[in-house]
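Have a look at the sequence and the model first, and then we can go through the details together.

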Amino acid sequence: MKKEKQSRKKPAKGVTRRGFLTGMGTAVVSSAVLGPVLTSTQAETLPPTRPKGLEDISLTVNGITYSLAVEPRWTLAEVLRDHLGLTGTKIGCNAGECGACTVILEGKAVYSCSQLAVWLDGKKITTVEGLASSGDLDPLQRAFIEHDAAQCGYCTSGQLMSAKALLSRNLHPSREDVQRALTGNLCRCSNYNGIVEAVLAASK
Ligand code: FES
Ligand code: FES
């Protein structure tokens with residue numbers, strides 16, 4: 001039987017057989033991974049790619065309206081911290097138990113780790129960064145400083161937001177009102193008395 005003559009590409013002079021084969025392999029892998037190479041004109045005419053599954057929402061945070069594309073699984077706490085850079089809101093348990101992540105949503109104190117951002121399209125949110133105005137601390141923040149209400153400080157932004165929500169609906173709360181309003185905010189430093197004194201002082 002007549003053998004067909006196979007044409008074999010020969011390594012160029014000065015290139016070892018191993019080096020030649022490695023180079024061929026890289027070229028095959030590159031074209032498999034990268035696909036066809038586009039000219040710069042073709043690349044310019046492609047529409048911008050957007051990751052699948054994002055939902056468009058708008059949030060007004062501390063008076064600024066943001067248009068955001070969010071994944072349905074993102075919590076409000078994640079969006080505030082990781083996408084808007086508002087890291088004053090802390091994440092403690094991330095399970096709706098400690099209150100470190102408390103923010104004010106439409107006038108009510110809520111756990112931002114327990115709210116999905118997609119639920120909040122068009123809503124107004126206040127975080128601890130929104131308490132001071134024109135560089136002046138809120139009276140509540142000043143009272144926290146004067147009464148040493150912050151120890152390590154990790155729970156402080158959540159405590160401030162729960163207290164702010166209380167004072168917005170009740171300007172002169174009793175001690176019991178303050179204790180009840182802060183029930184959902186744990187303080188690992190156990191500085192509860194200092195925190196309650198600060199809120200009562202701010203209400204005067
Ligand atoms: S971090 Fe949200 S309740 Fe603990
Ligand atoms: S001040 Fe440390 S956890 Fe409250």
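Which residue takes a positive phi in the hairpin of β1 and β2? In this predicted model, that residue is Asn-62, with phi near 50°, in a hairpin that has two residues between the strands.

**The chain as a whole**

Let us step back for a moment. The chain holds seven helices and five strands. Following the sequence, these elements come in the order α-α-β-β-α-β-β-β-α-α-α-α. The chain has 204 residues, and 32% of them are buried. If you take the contacts between residues at least 6 apart in sequence, 54% join residues at least 24 apart.

**Strands and their partners**

Strand β1 covers residues 55-61 and strand β2 covers residues 64-70; the two run antiparallel and are joined by seven bridges. Within this pairing, Ile-57 sits opposite Leu-68 of β2, while Thr-60 sits opposite Thr-65.

Strand β1 also pairs with β5, this time in a parallel arrangement with two bridges. Here Val-61 has Ile-125 of β5 as its bridge partner. If you follow the side chains on screen, keep in mind that in a regular strand they alternate between the two faces of the sheet.

**Positive phi in the loops**

Most residues other than glycine have a negative phi, so exceptions are worth a look. Asn-62, in the hairpin of β1 and β2, has already come up with its phi near 50°. Ser-134 is another residue with a positive phi, near 50°, and its place is the loop between β5 and α4, the helix of residues 139-146. Ser-190 has a positive phi as well, near 55°, and is found in the loop between α6 and α7, where α7 spans residues 192-203.

Are these two serines buried or exposed? Ser-134 has a relative accessible area of 79%, so it counts as exposed. Ser-190 reaches 53% and therefore counts as exposed too.

**Burial at selected positions**

The table below collects relative accessible areas for several residues.

| Residue | Relative accessible area | Class |
|---|---|---|
| Val-178 | 0% | buried |
| Cys-113 | 10% | buried |
| Cys-155 | 12% | buried |
| Gln-115 | 17% | buried |
| Glu-97 | 57% | exposed |

Val-178 belongs to helix α6, residues 175-181. With a relative accessible area of 0%, Val-178 is buried because the cut-off for that class is under 20%. Leaving out neighbours within four places in sequence, Val-178 is in contact with Leu-166, Pro-173, Val-196, Val-199 and Leu-200. For Leu-166, 12 residues away along the chain, the separation from Val-178 is 7.6 Å between C-alpha atoms.

Gln-115 lies in the loop between β4 (108-111) and β5 (124-126). Although this residue is in a loop, Gln-115 is buried at 17%. Setting aside residues up to four places away in sequence, Gln-115 touches Trp-74, Thr-75, Leu-76, Leu-105, Val-110 and Leu-120.

Glu-97 gives a contrasting case. Its place is the loop between α3 (76-83) and β3 (102-105), and at 57% Glu-97 is exposed. Beyond its neighbours within four places in sequence, Glu-97 is in contact with Tyr-111, Gly-184 and Leu-186. Glu-97 and Gly-184 are 87 residues apart in sequence, yet their C-alpha atoms are 7.3 Å apart.

**The largest pocket**

Rolling a probe the size of a water molecule over the atoms shows where empty space is left. What is the volume of the largest pocket? The value is about 170 Å³. Its lining consists of Gly-92, Cys-93, Cys-98, Ala-100, Cys-152, Tyr-154, Cys-155, Leu-186, Cys-187, Arg-188 and Cys-189. Sorted by class, that makes nine nonpolar, one polar and one charged residues.

Conventions: Residues numbered from 1 in each chain as written. Chains lettered and ligands numbered in written order. Predicted model: local features only at pLDDT ≥ 70, side-chain atom pairs only at ≥ 80, totals over all residues. Heavy atoms only, no water. Helix = DSSP H or I, 4+ residues; strand = E, 2+ residues; numbered from the N terminus. Buried < 20%, exposed > 50% of the residue type's maximum accessible area, 1.4 Å probe, protein only. Contact = heavy atoms within 4.5 Å. 1 Å grid on protein atoms, 1.4 Å probe; cavity = no way out; pocket = protein on both sides within 12 Å on 5 of 7 lines; lining within 4 Å. Points joined across faces, edges and corners; volume = space filled by probe spheres on them. Nonpolar A, V, L, I, M, F, W, Y, C, P; charged D, E, K, R; others polar. Pairing = 2+ DSSP bridges.
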